Amino acid sequence: MDDHPIVREGLRTVLQGRLGWEVVGEASNGIEALEKAGSLLPDVMVLDITMPKMNGLEVCRLARQKTPGLEVLFVTQHDSPQMMREALSAGAKGYVVKSNAARDLLRAIEVVIQHQVFTALTRPDPVTSGGLDGGRD
Amino acid sequence: MKLRILLADDHEIVRRGLCALLQRHEGWEVCGEAVDGREAVEKAKQLKPDVVIVDIGMPNLNGLDATRQLLQHDPNFKVIVLTVTDADQAIREALDAGARGFVLKSDAARDLVSAVEALQSKRMFFTPRVNDLLLAGFLEKGHAISQSQPPSLPTLTAREREVTQLLAEGRSSKEAASLLNLSTKTVETHRSNIMRKLSLHSIRDLVVYAIKNKIIQIEISPDRNPPAAKVAEQGQGTDSPA
């Protein structure tokens, strides 16, 4: 779920290289993401934070309420500990910075589908460093 | 013979998307990738691609300065600029830098192939908004838009702009010197000249100048204030792929 088709294309190329994984749908805005999460019932939803119509944090909250088993992984431009904490508070299990997505995405999903937390900022979060940041919780 | 394309964007996920898009076109190949403007210039000189696609917001050397350096080295380079905004200033700067194509990142999946095809046919490619602006500038002023409002940037030399970007990104004079293959003393001289020319008094002033003049871009949080504190290489107010 990203409003930029070229980013979705990049994410798809990374995900499709993984045997046993399937991209079941794409969305270009928050409302569409929420609707598709409800209809397609994916195991993991990869979400951008800033999207038209509804931001990713709100999508995450609502999607998790409607589908409790759904895990959410954010792939975002925001390399910010504060934003990462908000994402986790919204119910996400994963947080990957877009600049490192090609490197971190597969590992993040592997962790998130085990219902564990994966976060990877480019710099340590002063609050959670030694705990969450840079890998498994 | 295949059309050879060099891609420069600091986000690998974006490069993957662009690569996938371009390589679906028969007869084209991505002959190289670069993660910043400096690498783009080096690889372009080495690989001599038919088309260079550069993101504007890249670390170390932004896409516009990379374009200027490329065309200074060889005016025959064909450069397409990828940008997150088609604001007037961005358009002016891209044209001024010598880009022959201007594509919004949000529209890249739709427009990039057309842009490369245009350059392949020795034409230029601009978004409808750029065309409107060019036409308006032509009709109002009777000459090209790039002459209608001189950009503020060329008050600095190309080298000074490079130093400005590196210092504004938080690098020390020593680090900047190492990246530019200059002595620390030379970088410090450039820094003094920059501060004097622009009447700046601190690194904070320099960062503000660099942001205002799009030498670096800031990351802004989506729905809240204040913006994220980090000075980032791209963003333009959205969580864009930039």
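Start by selecting Lys53(A), which sits in the chain A loop that links S1 to H3. Helices (H or I, at least four residues) and strands (E, at least two) are DSSP runs, numbered from the N terminus. This is a predicted model: local features need pLDDT of at least 70, side-chain atom pairs count only at pLDDT 80 or more, and totals for chains, interfaces and linings use all residues. Residues are numbered from 1 along each chain as its sequence is written, while chains are lettered from A and ligands numbered from 1 in the order in which they are written.

Most residues other than glycine have a negative phi. Lys53(A) counts as partly exposed because it has 14 C-beta neighbours inside 10 Å. The cut-offs: a residue is buried with 20 or more other C-beta atoms within 10 Å of its own, exposed with 12 or fewer, and partly exposed in between, with C-beta atoms placed from the backbone.

Now select His115(A). Look for it in the loop between H5 and strand S4 (118-120) of chain A. His115(A), also not a glycine, has a positive phi of about 65°. It has 9 C-beta neighbours inside 10 Å, so it counts as exposed.

**Helix H3 of chain A**

Select residues 56-66 of chain A, helix H3. Its buried residues are Gly56(A), Leu57(A), Val59(A), Cys60(A) and Ala63(A). They lie on the same side of H3(A), because they cover an arc of only 160° around the axis. That arc is taken from the directions from the helix axis to the C-beta atoms. Turn to the face away from the buried side: the exposed residues Gln65(A) and Lys66(A) are there. Next, show what covers the buried residues, including helix H2 (30-40), strand S1 (44-47), strand S2 (71-76) and helix H4 (81-89) of chain A.

**The nonpolar cores**

A nonpolar core is a set of buried Ala, Val, Leu, Ile, Met, Phe, Trp, Tyr and Cys residues joined through C-beta atoms within 7 Å. The largest one has 85 residues. Select Leu73(A), Phe74(A), Val96(A), Val52(B), Ile53(B) and Ile80(B), which touch the most other members. Helix H5 (residues 101-112) of chain A gives this core its largest share, six residues. Another core, of 15 residues, lies apart from it; among its members are Leu156(B), Leu166(B), Leu167(B) and Val207(B).

**Thr67 in chain B**

Move to chain B, with its 10 helices and six strands. Of its 242 residues, 48% count as buried. Select Thr67(B) in helix H3 (residues 63-73) of chain B. Thr67(B) is buried, because 28 other C-beta atoms lie within 10 Å. Leave aside neighbours within four places in sequence, and Thr67(B) is in contact (C-beta atoms, placed from the backbone, within 7 Å) with Val54(B), Val79(B), Val81(B), Ala97(B), Gly98(B) and Ala99(B).

**A helix crossing in chain B**

Last stop: select helix H7 (residues 158-168) and helix H9 (residues 184-198) of chain B. Their axes come within 10 Å and cross at roughly 95°. Axes are lines fitted to C-alpha atoms, for helices over the stretch in contact, and angles run from 0 to 180 degrees between N-to-C directions. H7(B) is therefore roughly perpendicular to H9(B), a term for angles of 65 to 115 degrees. Show Arg159(B), Glu160(B), Val163(B), Thr164(B) and Leu167(B) on H7(B).

Methods
Contact = placed C-beta atoms within 7 Å. Parallel < 35°, antiparallel > 145°, perpendicular 65-115°, else oblique.
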